[in-house]
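Trainee: Let us go through this model together. Where should we begin?

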Amino acid sequence: MNQTEPVRGVAASPDRKPLAFYGVNVASRLLLGSALYPSPKVMSDAIHASRAAIVTVSLRREQARGRTGTRFLDLIRALPVHLLPNTAGCRTAREAITTAEMARELLETDWIKLEVIANDDTLQPDLFGLVEAATELAKRGFKVFPYTTEDLSAAERLVSAGCRVLMPWGSPIGTARGLSNPHALKTLRAYFPDLPLVIDAGIGAPSHAAAAMEMGYDAVLLNTAVARAHDPVRMAAAFASAIEAGREAFEAGLMAPSDRAQPSTPVAGTPFFDFGPGDASRST
């Protein structure tokens, strides 16, 4: 898809500020992964049901399966979405940079979801390697989408390196735990009010995605929660609805929580307010 064209998705309201990544308007706030589906057809049907505008592709995973350059890439290129290749599985900045260059050549895009993994158990990002790789890739003309944590100091360094979007995790990849550190995520959102922020990883249920959107995040990227569902196509549609509802609620203005109960119907002004003990018959 031409990067200068608006990306497919649900049409935004005329008075709503559109979501844009590196100058490209994106109507859908759901980004979907292309791994782990039971079949290519289920993957394709789920992507259509999700109305996702952007789909991520792991070239290292496809290489390991011997599918790079074959039917999988042909199928993924035929989808009416913008492709976001990622560097999943990379353990060093150099490895991630090499994978990004390969992705740019194969998929003809300078967008890259940057992952540099530090730990095999948590799949936590290596923040030092992430900043190093992001700095070099930005110099090479890439539009970097860094998979990071909610760490504010790392976020500042990534923005200084040239990143114009941040993708903090909700919780570790594939755990389905939702938003493990909502207070830090709220702080990050408040600190970067005008920067596109996408919750990436750990989302397990549509309610998790809605909570992220109600918090003011711009989009959600997920994969496993859809791909491993009993019915991935229906689950993709459920996530699409939840994300739209969460964003609509955020823009409508959520009421602030209160420590005290407040009656939804005030006593003053009701039909019975001025009646004395023997006056109940007046209401009939």
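Mentor: On the face of helix 4 turned away from its buried side sit the exposed residues R94, T98 and E105. Exposed means over 50% relative accessible area, buried under 20%, partly exposed in between (1.4 Å probe, protein chains only). Helices (H or I, at least four residues) and strands (E, at least two) are DSSP runs, numbered from the N terminus. This is a predicted model: local features need pLDDT of at least 70, side-chain atom pairs count only at pLDDT 80 or more, and totals for chains, interfaces and linings use all residues. Residues are numbered from 1 along each chain as its sequence is written, and side-chain values use heavy atoms, with hydrogens and water left out.

Trainee: Which residues of helix 4 are buried, and within what arc do they fall?

Mentor: The buried residues are A93, A96, I97, T99, A100, A103 and L107.

Trainee: How far apart are the end C-alpha atoms of helix 4?

Mentor: Helix 4 has 15 residues, 93-107. The expected span is 1.5 Å times one less than the number of residues. That gives 21 Å, and the end C-alpha atoms agree, at 21 Å.

Trainee: Which residue just after helix 4 takes a positive phi?

Mentor: Look just past the end of helix 4. The phi there is about 55°, and the residue is E108.

Trainee: How many residues apart in sequence are E244 and R51?

Mentor: Their side chains meet in a salt bridge (2.4 Å, N to O). A salt bridge is a side-chain nitrogen of Lys or Arg within 4 Å of a carboxyl oxygen of Asp or Glu. E244 lies in helix 10 and R51 in the loop between helix 1 and strand 4, so the pair ties together parts whose separation in sequence is 193 residues.

Trainee: Is D120 buried or exposed?

Mentor: D120 forms a salt bridge with R91 (2.4 Å, N to O). D120 lies in the loop between strand 6 and helix 5. At 55% relative accessibility, D120 counts as exposed.

Trainee: Which residues do salt bridges that share partners join into one network?

Mentor: Start with R140 and E101, whose side chains meet at 3.0 Å, N to O. R140 is in the loop between helix 5 and strand 7, and E101 is in helix 4. Shared partners give one network: E101, R104, E136 and R140.
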